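Have the model open beside you as you read.

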Amino acid sequence: VAVQCQEAQVVVTVHRDLFGTGRLVRAADLTLGPVACLPVAQNAAESTVTFVAGLHECGSTLQMTPDSLIYKTSLSYKPAPSGNLVIVRTNAAVVPIECHYPRKSNVSSNAVRPTWAPFHSTLSAEERLMFSLRLMNDDWSTERLSNGFQLGESLRLQADVASGNHVPLRLFVDDCVATLSPDRNSSPRYALIDLSGCLVDGRSDDTSSAFISPRPRQETLQFMVDVFRFAGDNRNLIYITCHLKVSPADQAPNPLNKACSFNKASSLWTPVEGTGDVCSCCETGNCP
């Protein structure tokens, strides 16, 4: 599978000998992205199939890191029975595809010439908040290069906000849900964080999932989640969607703005900061 990340689109060229066995897959069994875009061209002489899609098309997702814009999609191979409708002779496959673009660079070789900007556009830029959610390595120092895990390991997730010239802010993770598709409302779905900042996954008997305390800084919140898979489903790709928010850093945590973990030793909910009463609704379920 060859990928070309162009200025506004991605070109994916797939050799029909997808598994290197000499048995060619059918072009009709290949699709791009969660909305199953079809190929735009086939080359019979070279046994290749080509997809062309805009960076925002075919259900692709956008992830922002401090330095990069990352567009993510996937190539899917789903063999349909042919001839004998009872059996298939190849496995389905999903190939993750990513295009990385730098967020900071000159758009041309010419020097940048400052120009006057209207006040309303300057104000808009100052008030814009840039949120990110990243998988981190074991010591939290850098972003994890791989998104593959084995059962028994832990996900280290770090949420950040770049506030620019804004007043000092404290970041919270309002909720996180795991699904088998990019649609956070799809089924099955499993809540990791719920009730305005309760890490409910840590309430289960067989997990050690928790927020990391203390924070490295007010604009960052780290938490660990034990790796899992959905029962009765053999898909290995899981999507985690989180809602991030901020409050003024000088505002005391409250039941609406909190980060609470379940402490199994004391059987109590414990906040990253603030008094324990802000977490009481994690047990009752009556959070704002």
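Which residue does a disulfide join to Cys281? The partner is Cys287, with an S to S distance of 2.0 Å; a disulfide here is a pair of cysteine sulfur atoms within 2.5 Å. Please keep in mind that this is a predicted model, in which local features need pLDDT of at least 70 and side-chain atom pairs count only at pLDDT 80 or more, while totals for chains, interfaces and linings use all residues. Residues are numbered from 1 along each chain as its sequence is written, and side-chain values use heavy atoms, with hydrogens and water left out.

**The chain as a whole**

The protein has two helices and 17 strands, where helices (H or I, at least four residues) and strands (E, at least two) are DSSP runs numbered from the N terminus. Of its 288 residues, 35% count as buried; buried means under 20% relative accessible area, exposed over 50%, and partly exposed in between (1.4 Å probe, protein chains only).

**Disulfides**

Six disulfides turn up in a search of the whole structure. Here are three of them, including the pair from the opening question.

| Disulfide | S to S distance | Torsion and hand |
|---|---|---|
| Cys198 to Cys282 | 2.0 Å | -80°, left-handed |
| Cys260 to Cys279 | 2.0 Å | -85°, left-handed |
| Cys281 to Cys287 | 2.0 Å | about 95°, right-handed |

Cys198 sits in the loop between strand 12 and strand 13, and Cys282 in helix 2 (residues 280–284), so their bond ties together parts that are 84 residues apart in sequence. Both Cys198 and Cys282 are buried. Cys260 belongs to strand 16 (residues 260–263) and Cys279 to the loop between strand 17 (268–271) and helix 2, so this link ties together parts 19 residues apart in sequence. Cys260 has a relative accessible area of 0%, and Cys279 is buried at 1%.

**Nonpolar cores**

A nonpolar core is a set of buried Ala, Val, Leu, Ile, Met, Phe, Trp, Tyr and Cys residues joined through side-chain atoms within 4.5 Å. The largest one has 20 residues, and those with the most contacts inside it are Val173, Cys176, Ile193, Phe211, Leu221 and Phe223. Strands that each supply at least two residues of this core include strand 11 (169–179), strand 12 (189–193) and strand 14 (220–226). Apart from this core lies another, of 18 residues, among them Val14, Ala53, Cys58 and Tyr77.

Leaving aside neighbours within four places in sequence, Ile193 is in contact (heavy atoms within 4.5 Å) with residues including Val173, Cys176, Cys198, Phe211 and Phe223.

**Aromatic pairs**

The whole structure holds six aromatic pairs. Rings of Phe, Tyr and Trp (its six-membered ring) pair if their centres lie within 6.5 Å; planes under 30 degrees apart count as stacked, over 60 as edge-to-face and the rest as tilted. Phe19 and Tyr77 have ring centres 5.8 Å apart and planes at 65°, so they are edge-to-face. Phe19 is partly exposed at 39% relative accessible area, whereas Tyr77 is buried at 5%. Phe211 and Phe223 are also edge-to-face, at 5.7 Å centre to centre and 65° between the planes. Phe211 is buried at 6% relative accessible area, and Phe223 is buried at 0%.
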